[in-house]
Amino acid sequence: MRKVLLIFVGWILLGLTVSGQVKDNLWTRLTLQTKLNDKWDAALEFQHRRQHPESDPLFSKPLMYSIRPWIHYKVNPHFSLSVSPLAWYQQHPVLLTAHDLSKDPMQELRSTLAISYQTGLTEKMSFQSRVGVEYRNFSTGQQVLRTRLRTGLQYAFSNNVSLNAYNEMMVNPVGVAPGHFFDQDRQAISGVLKLNQAVTLEAGYMHVYRKLPAYDNVMQENNYFVQFNISLHAR
């Protein structure tokens with residue numbers, strides 16, 4: 001099964017290298033999670049993303065801020081259900097032209113429902129998939145329904161170290177102009193390190209094909225991400 005992982009990672013890396021760079025971004029995320037009982041978990045997620053114009057220092061401008069609560073329900077060892085009732089996002093304009101620097105950020109309220117599936121393929125390798133639907137309400141008055149599908153593999157080198165490779169496709173079936181059904185396609189590879197019983201670190205690289213509402217062409221992004229997950233004891 002290691003060959004399966006190598007083929008999958010190779011396919012991800014091929015998608016990362018066949019196209020030129022357009023935008024370089026830094027994504028950071030902190031998740032505080034607590035176990036309520038054997039079936040239920042609750043989490044609060046904070047995200048901050050950075051960008052920069054071509055002539056500015058690396059990651060010198062904000063791209064996004066968000067606060068998103070989650071409730072997770074473990075249906076069985078393979079399936080889990082996740083709900084984010086209401087999340088807040090502040091989206092800054094993607095800086096492609098000088099005019100974008102003068103644009104105001106946009107607010108978004110988002111509700112999300114997702115179903116996750118995972119199963120072991122071998123002792124060390126597992127297959128993971130996640131299907132989600134998001135209702136997005138923007139301060140401009142636009143309301144969008146977006147669906148997303150993520151599939152990937154995880155290889156565990158030990159109890160504390162693993163490698164992830166995945167692809168995630170997003171489309172907009174409702175609320176967008178003609179020609180913007182496609183939203184984005186993400187191809188990523190990351191390493192996961194469990195620092196101790198409470199803290200897990202994930203860091204990696206993601207290449208994104210993305211269709212912005214204000215632009216007709218598909219743009220590309222190189223996103224470097226760092227994510228911390230902190231498990232808290234339920235009282």
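**A loop residue, a core and a patch**

Tutor: F59 is buried, as its relative accessible area is 18%, and buried here means under 20%. Please keep in mind that this is a predicted model. F59 sits in the loop that links β2 to β3 (61-74). Its backbone is worth a look too: the phi of F59 is near 55°, a positive value in a residue that is not glycine. Most residues other than glycine have a negative phi.

In soluble globular proteins, nonpolar side chains tend to be buried together. The largest nonpolar core in this model has ten residues, namely W27, L63, V94, Y166, A188, M206, V208, L212, M219 and F225. Two strands, β10 (199-211) and β11 (218-232), each contribute at least two residues to this core. Take V208 as a close-up: beyond its neighbours within four places in sequence, V208 is in contact with Q184, D185, R186, M219, Q220, E221 and N223.

Now for the surface. L30, L44, F46, I67, L86, W88, L109, F157, V161, L193, L195 and F228 make a nonpolar surface patch of about 970 Å². Two or more of these residues come from each of β2 (40-51) and β4 (79-91). One member to zoom in on is L44, which lies in strand β2. L44 counts as partly exposed because its relative accessibility is 32%, which falls between the 20% and 50% cut-offs.

How values were computed
Residues are numbered from 1 along each chain as its sequence is written. This is a predicted model: local features need pLDDT of at least 70, side-chain atom pairs count only at pLDDT 80 or more; totals for chains, interfaces and linings use all residues. Side-chain values use heavy atoms; hydrogens and water are left out. A nonpolar core is a set of buried Ala, Val, Leu, Ile, Met, Phe, Trp, Tyr and Cys residues joined through side-chain atoms within 4.5 Å. Buried means under 20% relative accessible area, exposed over 50%, partly exposed in between (1.4 Å probe, protein chains only). Helices (H or I, at least four residues) and strands (E, at least two) are DSSP runs, numbered from the N terminus. Contact means heavy atoms within 4.5 Å. Patches are made of residues with over 30% relative accessible area and no salt bridge: like charges are joined within 9 Å, nonpolar side chains (Val, Leu, Ile, Met, Phe, Trp, Tyr) within 5 Å. Accessible areas come from the Shrake-Rupley method with a 1.4 Å probe; for residues, only the protein chains shown count as cover. A salt bridge is a side-chain nitrogen of Lys or Arg within 4 Å of a carboxyl oxygen of Asp or Glu.
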